[in-house]
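Here are some notes to read alongside the structure, for anyone opening it for the first time. Take the points in order, with the model on screen.

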Amino acid sequence: MPETQRRPESRYGNRPTMKDVAARAGVGLKTVSRVVNGEPGVTPETERRVQEAIDALGFRRNDSARVLRKGSTASIGLVLEDLADPFYGPLSRAVEEVARAHGALLINGSSAEDPDREQELALALCARRVDGLVVIPAGDDHRYLEPEIKAGVATVFVDRPAGQIDADCVLSDNFGGAHEGVTHLVSHGHRRIGFIGDMPRIHTAAERLRGYRTAMEDAGIPVEDAWMSLGATDPLRVRRAAEEMLSGPAPVTAIFSGNNRVTVTVIRVLAERSRPVALVAFDDLELADLLQPGVTVIAQDAATLGRTAAERLFGQLDGTLITPERIELPTRLVTRGSGELPPAD
C-alpha cells in the first residue's frame, strides 16, 4: 500500500496480554496465570516481578475464559422502573453495596414502566450470563423468566410482586401505609379526602388505593368517585385532577398523594391557593421538611428494600435460600405539619 494510503493506527492501541506480561517478567504463562488468579506455587520474588510487569503494562484480566470455565460471571442485573426517580437511588445503591460485598458487579437498566422493555432488558442481561436478577416489574406476566430461573438464574422481585410465577419478592406495606396516612387525616377532622395515585394496573398504586378506601370505610365516610383519580404521573394529568378536586361547592379539604412524583405537582397546586389544604404523601421527598408547612409523609425505606432483596438473591446463589418468600417491610408516618392542618370549613 502506498505511503499516502496507509491506514491510520487505532488511537486505542492493543490490550496487553498475559504473554506480554510473561515476556516482560521473564517467566512462563502458567506463572503469570497463578499470580493473576491468586493461586499458590509462586515465590514472593517472582510474584513481585510479575506484578511489576502487570502494573507497567496496564494489564487487566480477561474474564471471558473464567466465565466459560466456571459458568458464572460474578455479576447481577437490576431492572428498575426509572433511573431518574429519586426513590430508586438508595435502592440501587443498597443492591450495589451487597453485590460488592459478595465480589459481584451490578449492571442496571430502566424499563420506563414498559412491560415489553422490561422483558427485553431482563432477557438481555440473562444472555450476558448474569448470575442473578433483581427486578422492579413493569408487567404482570413473568413466565418469560421461567426458563432462566430453571437454568439457575437467581431472581428476586422488589417493590412489586412477580406476575404468574412463584418467586421471592420484597415489598413495602403499601396498604397499611396508605391506611395509616388517611386515618391520620380523618383524626384531624377531615371527611372530604381526595386520593391521587399512579396507574391502577401497578401493584403499589392499587394497594395504596385499597388502603385509602378501607380507611374511609372504617371511618364511616362514603367515598365519592370525584375524590379519586388514578393515571399517569405526568404533571398535567395530576394538576388537572387536583384542581378538579379542589373546586366546586364541596371541594376536598385534604389530599392523600400516591407517590413522590404525584406529590411534587400537588404541592405546586396547593401553593397557588389561598385556602389551606391538608396533605399526606406516600414516599418521602427531598426538602419536604423545609417547606411551609413541612410535608407529612408515609416513608418507606428504599435502602432496606434493596438490601433485603439483594441478600435474598445471594442467599439463592449460595444455596441457603430455596423456598420463595414474600417479605413485606413496614412504612412509617412522619408528621411535619401539612397532614395536621384542620379543615378550612
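1. Does Arg 48 count as buried, partly exposed or exposed? With a relative accessibility of 37%, Arg 48 counts as partly exposed. Before going on, keep in mind that this is a predicted model.

2. Glu 52 makes a salt bridge with it, and the closest N and O atoms are 2.6 Å apart. Both sit in helix H3 (residues 44–57), four residues apart, so about one helical turn separates them. Glu 52 is partly exposed too, at a relative accessible area of 45%.

3. How many salt bridges does a search of the whole structure find? The search turns up 15. As background, side chains of opposite charge can pair when their charged atoms come close. The next points pick out some of these pairs.

4. Have a look at Arg 160 and Glu 113, which form a salt bridge with their closest N and O atoms 2.9 Å apart. This pair links distant parts of the chain, 47 residues apart. Arg 160 is in the loop between strand S4 (154–158) and strand S5 (168–172), while Glu 113 is in the loop between strand S2 (105–110) and helix H6 (115–127). Both Arg 160 and Glu 113 are buried.

5. Another pair to find is Asp 168 and Arg 312, a salt bridge with the closest N and O atoms 2.8 Å apart. Asp 168 belongs to strand S5 and Arg 312 to helix H12 (residues 302–317), so the bridge ties together parts 144 residues apart in sequence. Asp 168 and Arg 312 are both buried. There is also a network, in which salt bridges with shared partners join Glu 81, Asp 85, Glu 113, Asp 159, Arg 160 and Arg 261.

6. What kinds of residue line the largest cavity? Eight are charged, five polar and four nonpolar. Helix H9 (203–218) and helix H11 (260–271) each supply at least two residues of that lining. The largest share, three residues, comes from H9.

7. H11 deserves a look of its own. Its 12 residues reach 17 Å from first C-alpha to last, close to the 16 Å expected at 1.5 Å a residue. Its buried residues are Asn 260, Val 262, Thr 263, Thr 265, Val 266, Val 269 and Leu 270. Where do they pack? The buried residues of H11 pack against strand S6 (193–197), helix H10 (235–245), strand S8 (254–257) and strand S9 (278–282).

8. Last stop: Pro 86, in the loop between strand S1 (75–80) and helix H5 (88–101). Is Pro 86 buried or exposed? Its relative accessible area is 61%, and the cut-off for exposed is over 50%, so Pro 86 counts as exposed. From Pro 86 to Thr 335 is 249 residues in sequence and 21 Å in space, C-alpha to C-alpha.

Terms used:
Residues are numbered from 1 along each chain as its sequence is written. This is a predicted model: local features need pLDDT of at least 70, side-chain atom pairs count only at pLDDT 80 or more; totals for chains, interfaces and linings use all residues. Side-chain values use heavy atoms; hydrogens and water are left out. Ala, Val, Leu, Ile, Met, Phe, Trp, Tyr, Cys and Pro count as nonpolar, Asp, Glu, Lys and Arg as charged, and the others, Gly among them, as polar. Buried means under 20% relative accessible area, exposed over 50%, partly exposed in between (1.4 Å probe, protein chains only). A salt bridge is a side-chain nitrogen of Lys or Arg within 4 Å of a carboxyl oxygen of Asp or Glu. The expected span of a helix is 1.5 Å times one less than its number of residues. Contact means heavy atoms within 4.5 Å.
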